[in-house]
Amino acid sequence: MHLHHGWRLPVPATCGARLTKGSLIMKLTQRPLCSAFLGLVLAACGPMDDTGQDFTSEQEQPLEATCASVDNTAMTTHACAHASNPGDNVNVNGVTGAPDISTQHKHYTVTLSGSGTGKVTYIPVARASAGSTVESVAFYATQNVTITAVDKSVTPNVTLTALVSTNGITEDTCTLHHARVFDLTVGHTYELNITAPTTSVGMVPEYLYDNRGRYYRDADGDGYGANSPLYRFACEAPAGYVTQRFDCDDTNPAIFNC
């Protein structure tokens with residue numbers, strides 16, 4: 001039996017010993033001891049964290065229809081970590097060409113023209129599954145930018161506008177205050193046309209699937225949600241949902257974490 005984080009339960013050898021004719025009585029006597037030991041170990045661990053467990057059989061879909069903002073999310077925190085790390089910065093020139101910004105976990109400082117325009121290239125890869133054909137990608141930016149994504153892999157080219165535009169992001173000292181989210185076809189080459197109020201812009205691309213969270217219905221408003229239904233959501237939590245479960249009575253705010 002394996003517990004969370006991959007460590008193995010140290011069950012006494014007698015619990016799994018091979019049963020022989022002479023050990024039958026001892027085996028039956030020790031079985032309650034093994035059960036008691038297992039119960040003590042699980043009790044010491046407390047409620048099992050559900051990280052890494054998938055309570056739904058549904059494949060992650062393109063951007064959820066109810067997604068309205070990516071502010072106050074784990075994805076924003078992750079993007080800001082790259083923006084604040086000088087070692088993650090890559091300088092690219094969006095004026096003389098369309099440099100590729102597809103590498104993950106990077107902050108790109110994009111040089112723009114004197115009028116604040118430029119372009120970069122982005123090629124999405126499959127993240128939700130090996131056979132994923134569409135991925136939702138957020139492009140965080142330091143400036144209030146307008147971004148259009150031109151699919152250069154189809155004829156005629158198709159121009160996409162952002163499905164979600166989040167402005168006014170304020171996370172500590174993070175320099176990323178804006179985000180634009182697109183649904184992009186895996187393997188296609190996109191030219192991102194950027195218009196900004198300055199001659200450079202910092203950008204961090206993030207896959208929504210990589211930053212998805214688990215949200216639970218909190219009907220009684222005590223900050224704890226019922227174990228089900230479970231929603232996997234990469235955007236801000238819908239109203240009435242929280243990140244903490246283990247509410248065994250979601251009709252009584254005085255009873256939770258049980």
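Predicted model: local features only at pLDDT ≥ 70, side-chain atom pairs only at ≥ 80, totals over all residues.
**Strand β8**

I started with β8, residues 178-185. I counted 6 of its 8 residues as buried, so the strand is largely enclosed by the rest of the structure.

Next I looked up its partners. Strand β4, residues 134-141, runs antiparallel to β8, and 8 bridges join the two.

**Disulfides**

How many disulfides are there? I found 2.

I took Cys-67 and Cys-235 to begin with; their sulfur atoms sit 1.9 Å apart. The torsion about this S-S bond is about -90 degrees, so I wrote it down as left-handed. Cys-67 lies in the loop between α2 (24-45) and α3 (74-83), while Cys-235 lies in the loop between β12 (230-233) and β13 (241-242), so the pair ties together parts 168 residues apart in sequence. I checked burial too: both Cys-67 and Cys-235 are buried.

Then I turned to Cys-80 and Cys-174, with 2.0 Å between their sulfur atoms. Cys-80 is in helix α3 and Cys-174 is in the loop between β7 and β8, so I was pleased to see the pair link distant parts of the chain, 94 residues apart. Its S-S torsion is about -90 degrees, so this disulfide is left-handed.

Are these two cysteines buried or exposed? Cys-80 is buried at a relative accessible area of 8%, and Cys-174 counts as buried at 9%.

How values were computed:
Residues numbered from 1 in each chain as written. Heavy atoms only, no water. Buried < 20%, exposed > 50% of the residue type's maximum accessible area, 1.4 Å probe, protein only. Helix = DSSP H or I, 4+ residues; strand = E, 2+ residues; numbered from the N terminus. Pairing = 2+ DSSP bridges. Disulfide = S-S within 2.5 Å.
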